[in-house]
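Hi everyone, and thanks for making time.

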Amino acid sequence: MVARLFEKGSASNKALSVIVSFLLVFSLLSLSLAGAPEAFADEGVVQQAVEGAVSEGADALSGGGEALNATSSADQPDQSLQSSSASEASGEQAASSASAASSDAAALSAQAEPSATPAPSGSVSSSAAVAPQAKSDPALSIKLLDSSDAELPDSATVHIGDTVTVAAVASGVEDARFNYVWVRDNDWSEGSWNSTVNSGNPPTKEIEWDFTPRIPGTYELYVDLKRASGSTVLTKSITLKVVEEWNVDSLSVPSAGKTLHMGDPIQVDVKVSGADADAARFNYVWVRDNDWSKGSWDSTINATGASTAETSWTFTPSRSGSYAIYIDTIRADGTKTTSKAYGVTVREDWTFDGFDLSARTILLGEPLEVTAKASGVDADFARFNYVWNYRGDWSEWSSVELETGAPTPNDTWTFTPKRAGKYEIYVDAVRTDGSRVTKASSVTVESNWAAEGLVLTSNGEPLQGGKVALGAPLEVSFDMKEGSNLTGLTYNFVWQRGTSWASGEWDSLANQGKVDTTGSHVYHLDRTGTYWIHGDVIGTDGAKRTLSAQIQVVLPYDPTGVTLANVEGAPVADATALGESVVVSPAATGDLSGALFNYVWSYEGGWDDGEWDSTVNRTGSNTKDASWTFTPEKYGTYQLYVDFVAADGTKETLSTTLEVDRGWSSGEITIDKTSPQLTGTTLTIEPNVSGESAQYVRCNYVWQRDGWTQWSSNLKETGTYTADTSFTFTPTHSGDYQFAIDYYDTRTGQAYTQTVSFRVNKAWDLQRLDLSYSSPLRPWSAVTFKPVITGDKSLLKYNYVWQRDGWAEWNSSLNASGGTYHPTDTGTWVIGASGWYSFYVDVVDQFGETETMQVEGIRGYSVSDAISSIERCLAGGWDSSGWKYENDLLVAGGSLCNGRHGWWCANYLWWGFRQAGFSDLWGNGSLQVDPEYVANEYQWLGRYHWGTAGVRRGDILFSCMAPWRAGQTITHAAYVVSVSGSSVTVVEGNAGWSNCRTYSLWDPIFKGYARPAY
């Protein structure tokens, strides 16, 4: 409802708004006097309570006419200040706005709260209606003073840089504080205003504040009267206008439009007038060839970071070109005015006249003087880059610019070549704009030398016979021709062991990255052998001379062999008995005192664990001992080695052979009966061991049959070897036997094996299995088994077995009897249903040896089974083209009817018989498909009938449906599937799109029928 009263309108509405505001504030103050003064201790609370009403009633308070005595503009900030208060929640902008907006309401609470903001002068007050005033109301007035303390009027005008003083006079507030605020052109953005508390400083007690504006504009200067607590009581403001008065009278560039030489300065002068002429700032700018890239322009600001107050500027170009000069005049507020371009041309006037060399040919080590020549007004600005390359190859070159980073102003240069040969000399004459002119010449550097041989010494003495002792110094130098110029020569020394260039077999100073300049080197070769010593002499021009010599690095001894002796010292030739020790010694001429040895043995040439050993293997190093005692633990052949190891690690190995005799031998194995023998025959197997150590031999008797399908041994059965000197064995199965004897020496654990082969036959032999049954084999018929056996059958037993269709049904006499074999060599079985049958007989003798014979692939069937099977195949395999049947016939080896495709009726029936597995019932040869020829075959078999009387299912019905061959009476064949009364139904091919038809049994086309031997 209060909001509705603050609508803008007539004077009465505005007055009413003020009254409502007054009543609202009066009510709040009454609450305070009634007992809640602390509710208004924070002036922000009062401001929040009245802010809405006062801000909406601003028009009434400021424009209500004389009746309301509205507050003057000097008592509060203008509307723009109030609107910016939200941007500084805790700053003076918000404080100033709030103070100005609440000044009308503050007077209403003066008696209830002495520290509240007083009402503006002339506003309506109801304090008399509340209580007598306890003390004077807060009051604030401000004035503006110039530098002479003369008072300035509101909206006074001063110049930039003038200092003014804001003086504040306050009353009614104890311990008053002030906040001084300025804002330029009512712009509250950063940099356009500030205050004494803006940086976090507390309000000041100072009643005067100096302000020096540096930028022109209209300034509003505010003073916030504050309590010691920081709350704002009153705000007053005053306006100050600041001007900047100066003008550029003239710009002078005397060189404009002219052409200057290098080094001539360009002068710029500016004339400025006006009261504020000292505030003028300038930025002097130059650009060359309108190129604004780095290095082609500069300015006062770019060079120093700021404009200048200097009105005179001098610029001396360092390069030729077309220059443009600009002058920026800059005012205090940053406003910039740029002059027109003043053009100046700068030229660089000099020529490059070439260069002189101090000589065209010099000796290696001498310097070369190069003198460049330039002439002209600006010759002093010429710069030179001196360049050389070796033999015209730019992989070896240098220059002043490369080495120092820039051309040089020096017109002379000294160059001392380090190699002999021809050099190309260039001089670049470089202008300040970077352009250059190049001229070239050349100089020859000479050096003469010759190497005639290598000089090899040891301890200063020439080598004897080209040999040097291991470890002794080898001194290598060159024999240079007299008068040789050795300046700049370098040397490389190389050693090579043998003729190998493999890693570790050679080395050189060059390989180590070293260069010798002395011409001599000392080696201490640490291995024996033949060496090549090479020396390279290398000229500064790369010319190289290599000289070589061969030497021998020798040991102080020469190995000759390995000697063997017994422990008493007596020589041992090459054999000893098992258990006897042998002393092994190296043999050599010369001094062995510095040598080390490695004694090695290998058994039977083996190098697996346990088959060899050595000193190094046992101890980890060679030994100084000049003898070694070896006790062989096995009989056989040993190879004994001695490694002679020199101080340099050079190793030479010599060896000898030692035979260790076992002291016994074995002859061939003997069996008391000759091979072959029959099963059940006892055999005696004997070894033949002899010798003085035969008592240490034990045996393992082994037998195996047919490649170890059966085997055994006494070691397998008892776990030990035996001392028995014979072995008896009775074979129970026939086969190829092998008897073996493992001879085991109990002293060494060694064993070896001898074998002998033996054949054992059965006493009987199964030749074949004969069967007897009524043919064809019908289901549920009897089949008699008769195995044909030669030899002794007296102790044989039998098992008669049959199975149908892959063991879908089967039985045996062993199965039927509960595990008992049949006692006689004849057995009979009654088979089961139709199918393919196989018949077997197992014959087993008294030792369990079994032999099996079988007869497979006999078909047992009934007539109806055969016919039904053929019918199914014909019905299921129908192909109206006939090609399928003809192709299968050709694959089977038959011939097409009439020798070509197309007549396939009988071929179709043939295919059905074949698919059903009854090809043997088709005619005589099983491959005929000409209908008439098939009928003739059945006549030959006696199975053809003329006419149709007695025809029945399963018969082949012949007819003459389309006589296509002269004299032929039968041209078609069909398979009878049913006969009913006078009708016959057949399956036939090549007779239309259907393969099943019914005819009259008495149709004259029918000539007869055949009945296969089902």
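What share of the contacts in the chain with a separation of 6 or more comes from residues 24 or more positions apart? It is 63%, where contact means heavy atoms within 4.5 Å.

A word on what you are looking at. This is a predicted model, in which local features need pLDDT of at least 70 and side-chain atom pairs count only at pLDDT 80 or more, while totals for chains, interfaces and linings use all residues. Residues are numbered from 1 along each chain as its sequence is written, and side-chain values use heavy atoms, with hydrogens and water left out.

On confidence: pLDDT is the predictor's confidence in each residue, from 0 to 100. The chain has a mean pLDDT of 85, with 86% of its residues at 70 or more. Over residues 1-133, though, the pLDDT is below 50, and this stretch has 171 contacts in the model beyond near neighbours in sequence.

Now the overall make-up. There are 16 helices and 66 strands in the chain; helices (H or I, at least four residues) and strands (E, at least two) are DSSP runs, numbered from the N terminus. Of the 1014 residues, 43% are buried. Buried means under 20% relative accessible area, exposed means over 50%, and partly exposed is in between, using a 1.4 Å probe and protein chains only.

Let's go inside. In soluble globular proteins, nonpolar side chains tend to be buried together. A nonpolar core here is a set of buried Ala, Val, Leu, Ile, Met, Phe, Trp, Tyr and Cys residues joined through side-chain atoms within 4.5 Å. The largest one has 39 residues, and those touching the most other members are Val 584, Phe 630, Tyr 638, Leu 640, Leu 658, Ile 685 and Phe 739. Leaving aside neighbours within four places in sequence, the contacts of Val 584 include Val 562, Leu 564, Tyr 599, Trp 628, Phe 630 and Leu 640. Apart from that core lies another, of 35 residues, among them Cys 873, Tyr 944, Ile 956 and Tyr 1014.

Cys 873 is also one of the buried residues of helix α13, along with others including Ile 867, Ile 870 and Leu 874. What do the buried residues of α13 pack against? They pack against β60 (850-860), α15 (905-915), β63 (972-980) and β64 (983-988).

Next, the aromatic rings. The whole structure holds 73 aromatic pairs. Rings of Phe, Tyr and Trp (its six-membered ring) pair if their centres lie within 6.5 Å; planes under 30 degrees apart count as stacked, over 60 as edge-to-face and the rest as tilted. The ring centres of Phe 211 and Tyr 219 are 5.5 Å apart and their planes are at 65°, so this pair is edge-to-face. Both of these residues are buried. Phe 415 and Tyr 423 are also edge-to-face, because their centres are 5.6 Å apart and their planes are at 70°. Phe 415 is buried at 8% relative accessible area, and Tyr 423 is buried at 2%.

Some rings have a charge over them, which here means NZ of Lys or CZ of Arg within 6 Å of the ring centre and within 35 degrees of the ring normal. Lys 716 lies over the face of Trp 711, 4.2 Å from the ring centre. The charged end of Lys 762 sits over the ring of Trp 764, 4.9 Å from its centre.

Finally, some backbone details. Most residues other than glycine have a negative phi, and most peptide bonds are trans. Trp 708, in the loop between β49 (697-705) and β50 (710-713), has a positive phi of about 70° and is partly exposed at 45% relative accessibility. Trp 807 has a positive phi of about 70° too, and lies in the loop between β56 (797-804) and β57 (809-812). A cis peptide bond joins Ser 675 and Pro 676, with omega about 5°. The bond from Ser 775 to Pro 776 is cis as well, with omega near -5°.
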